[in-house]
Each structure stands twice: as structure tokens, then as C-alpha cells.
Amino acid sequence: MNPERLMQVLLAPIVSEKSTMLAEVNEQVAFRVMPCATKQEVGKAVEMLFKVEVEAVRILNRKGKSKRTGRGMGRRSSARIAYVALKKGQEIRFEEEVK
């Protein structure tokens, strides 16, 4: 796979209460990914960027909600989320990666 493409697949990690629980219990990490990203690309990108071994990748397409804005109706943007399961003993610490 093209290394330049793999560098663009992951948009941002998702750090929330749910994703923190997944990281502790199931050794999974959540990422926002490009709308056209495949499971294989996401797995290779995580392995390349964070130097960990990936066991499985699950992808979720979350539809944007319709919301009222003033007098009209608006819509939140849709997102594609990847849940990456790491092999036993592997973990990604985002607070250390930023430094």
C-alpha cells in the first residue's frame, strides 16, 4: 500500500468515556477515518504510525443528526469511525505520542 495514502487515512483519535473504557477492557482504540478508508488501510496505518500489532478492525458509519438552528433546520456532519483491536499486551498512549 502507498505510504502517503496510509498517512492520510487516520484523521483523529476519539478520546471519550466510551473509547477509554474500550481501551482498558478490550484493548481497542477508536479513530475517525476518511470516508473512503478500508479496513485493511486502517490496520496498516495504525501499525505503521504507532508501531503496534493490529488483530482486527471494525468500521462504523455514523449518520449526522438533523438539528434545529435558529428558524431553519441544519445537519451535523456524518463520520466514519474505526474500532481497532490490538493484540494482547499492545497499547497506544496518546498523551505520550503528543510530546
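Q: Is Glu-53 buried, partly exposed or exposed, and how is that decided?
A: The classes rest on relative accessible area: under 20% is buried, over 50% is exposed, and partly exposed lies in between (1.4 Å probe, protein chains only). Glu-53 has a relative accessible area of 42%, so Glu-53 counts as partly exposed. The model is predicted: local features need pLDDT of at least 70, side-chain atom pairs count only at pLDDT 80 or more, and totals for chains, interfaces and linings use all residues. Residues are numbered from 1 along each chain as its sequence is written, and side-chain values use heavy atoms, with hydrogens and water left out.

Q: With which residue does Glu-53 form a salt bridge?
A: Side chains of opposite charge can pair when their charged atoms come close. The term salt bridge requires a side-chain nitrogen of Lys or Arg within 4 Å of a carboxyl oxygen of Asp or Glu. Here Glu-53 meets the side chain of Lys-87, with 3.7 Å from N to O. Lys-87 lies in the loop between S6 and helix H4 (94-98), and Glu-53 in the loop between H3 and S3, so this pair ties together parts that are 34 residues apart in sequence. Lys-87 is partly exposed, at a relative accessible area of 35%.

Q: How are the helices and strands assigned, and how many are there?
A: Both are DSSP runs numbered from the N terminus: helices are H or I runs of at least four residues, and strands are E runs of at least two. The protein has 4 helices and 6 strands, in the order α-β-α-β-α-β-β-β-β-α along the sequence.

Q: How many salt bridges are there by this rule?
A: The count is 2. One of them joins Glu-41 to Arg-5, the closest N and O atoms being 3.1 Å apart. Since Glu-41 lies in helix H3 and Arg-5 in helix H1, the pair ties together parts that are 36 residues apart in sequence. Glu-41 is buried, with a relative accessible area of 13%, whereas Arg-5 is partly exposed at 25%.

Q: What does Arg-80 have around it, given that it is buried yet has no salt bridge?
A: For charge, Lys and Arg count as positive and Asp and Glu as negative, while His and the chain ends are not counted. The nearest side chain of opposite charge to Arg-80 is Glu-41, 8.1 Å away. Polar contacts are the next feature to read: pairs of N or O atoms within 3.5 Å, where within protein one must be able to donate a hydrogen and the other to accept it, and residues adjacent in sequence count only if both atoms are side-chain atoms. Arg-80, in strand S6, reaches the backbone oxygen of Ala-37 with its side chain at 3.0 Å. A polar contact of 2.9 Å also joins the side chains of Arg-80 and Asn-61.

Q: Which backbone oxygen does the side chain of Ser-19 reach?
A: The side chain of Ser-19 reaches the backbone oxygen of Ile-14, at 2.8 Å. Ser-19 lies in helix H2 (residues 17-25) and is buried, at 9% relative accessibility.

Q: How is the largest nonpolar core read, and which elements supply it?
A: In soluble globular proteins, nonpolar side chains tend to be buried together. A nonpolar core is a set of buried Ala, Val, Leu, Ile, Met, Phe, Trp, Tyr and Cys residues joined through side-chain atoms within 4.5 Å. The largest one here has 19 residues, and those with the most contacts inside it are Leu-10, Phe-31, Val-42, Val-46, Val-84 and Ile-92. At least two residues each come from helix H1 (3-9), strand S2 (28-33), helix H3 (39-50), strand S3 (54-62) and strand S6 (79-86). H3 gives the largest share, 4 residues. Leaving out residues up to four places away in sequence, Val-84 touches several others, among them Phe-31, Val-42 and Val-46.

Q: How does the span of H3 agree with its number of residues?
A: The expected span of a helix is 1.5 Å times one less than its number of residues. The 12 residues of H3 should therefore span 16 Å, and the end C-alpha atoms are 16 Å apart, in agreement.

Technical notes. Contact means heavy atoms within 4.5 Å.
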